[in-house]
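Here is a short tour of one protein model, written for someone just starting out. Have the picture open while you read.

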Amino acid sequence: MAAEQRKLLEQLMGAGASSRHAQLSLSDPKVCRSFLAGTCPHDLFTNTKQDLGPCPKVHSEPLKTEYEAAADKSKHGFEYDYMRDMQKYIDECNRRIDAAQRRLEKTPDEIRQTNDL
């Protein structure tokens with residue numbers, strides 16, 4: 001039954017639709033480098049205020065396995081990109097935290113009113 005459905009799906013969408021991820025390589029710009037090197041920032045904090053939404057790039061488990069098995073990972077530079085992306089995400093989180101803390105700070109009038117109580 002599954003084979004029949006797959007055959008119908010290939011007829012409707014074309015033969016290359018099911019093997020779309022198989023055609024990608026590690027150096028393809030459509031592949032999420034952060035996902036290959038660790039965790040994509042788009043996958044962190046889903047359904048929270050810090051949610052970045054879905055990642056526009058491809059997350060391919062076979063490519064991640066291929067990358068992890070690679071002998072010379074430094075030639076791709078994915079770790080650098082991963083650290084850069086994570087640092088940008090951390091800086092954005094810290095900026096939001098600082099803005100929230102500034103909103104919570106009391107004004108001199110509020111401090112005086114609290115002390116008068």
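This is a predicted model: local features need pLDDT of at least 70, side-chain atom pairs count only at pLDDT 80 or more; totals for chains, interfaces and linings use all residues.

Let's begin with one arginine: Arg-112 is partly exposed, with a relative accessible area of 48%. Its partner is Asp-109, and the two form a salt bridge whose closest N and O atoms are 3.0 Å apart. Asp-109 counts as partly exposed too, at 44% relative accessibility. Both residues sit in helix 5, which covers residues 108-116, and they are 3 residues apart, about one turn of the helix.

**The salt bridges**

How many salt bridges does the count come to? The answer is 6. Here are some of them, with the N to O distance for each pair:

| Arginine | Aspartate | N to O distance |
|---|---|---|
| Arg-33 | Asp-81 | 2.3 Å |
| Arg-84 | Asp-85 | 3.4 Å |
| Arg-112 | Asp-109 | 3.0 Å |

Look at the pair Arg-33 and Asp-81, whose side chains meet in a salt bridge. Arg-33 lies in helix 2 (residues 33-37) and Asp-81 in helix 4 (residues 78-104), so this pair ties together parts that are 48 residues apart in sequence. Is Asp-81 buried or exposed? Asp-81 counts as buried, because its relative accessibility is 9% and the cut-off for buried is under 20%. Arg-33 comes out as partly exposed, at 33% relative accessibility.

**The overall fold**

Now zoom out. The protein has 5 helices and 0 strands, so if you follow the chain from the N terminus the elements read α-α-α-α-α. There are 117 residues in the protein, and buried ones make up 21% of them. The accessible surface comes to about 9,200 Å², and carbon and sulfur atoms account for 54% of that. What about contacts along the chain? Take the contacts between residues at least 6 apart in sequence: 66% of these join residues at least 24 apart.

**The nonpolar core**

Which residues make up the largest nonpolar core? It has 12 residues in all: Leu-24, Leu-26, Val-31, Cys-32, Phe-35, Leu-36, Cys-40, Cys-55, Val-58, Leu-63, Tyr-67 and Phe-78. Helix 2 and helix 3 (61-69) each supply at least two residues of this core. Setting aside its neighbours within four places in sequence, Leu-24 is in contact with Lys-30, Val-31, Val-58 and Leu-63.

**The cysteines**

How many disulfides does the structure hold? It holds 0.

Key. Residues are numbered from 1 along each chain as its sequence is written. Side-chain values use heavy atoms; hydrogens and water are left out. A disulfide is a pair of cysteine sulfur atoms within 2.5 Å. A salt bridge is a side-chain nitrogen of Lys or Arg within 4 Å of a carboxyl oxygen of Asp or Glu. Helices (H or I, at least four residues) and strands (E, at least two) are DSSP runs, numbered from the N terminus. Buried means under 20% relative accessible area, exposed over 50%, partly exposed in between (1.4 Å probe, protein chains only). Contact means heavy atoms within 4.5 Å. Accessible areas come from the Shrake-Rupley method with a 1.4 Å probe; for residues, only the protein chains shown count as cover. A nonpolar core is a set of buried Ala, Val, Leu, Ile, Met, Phe, Trp, Tyr and Cys residues joined through side-chain atoms within 4.5 Å.
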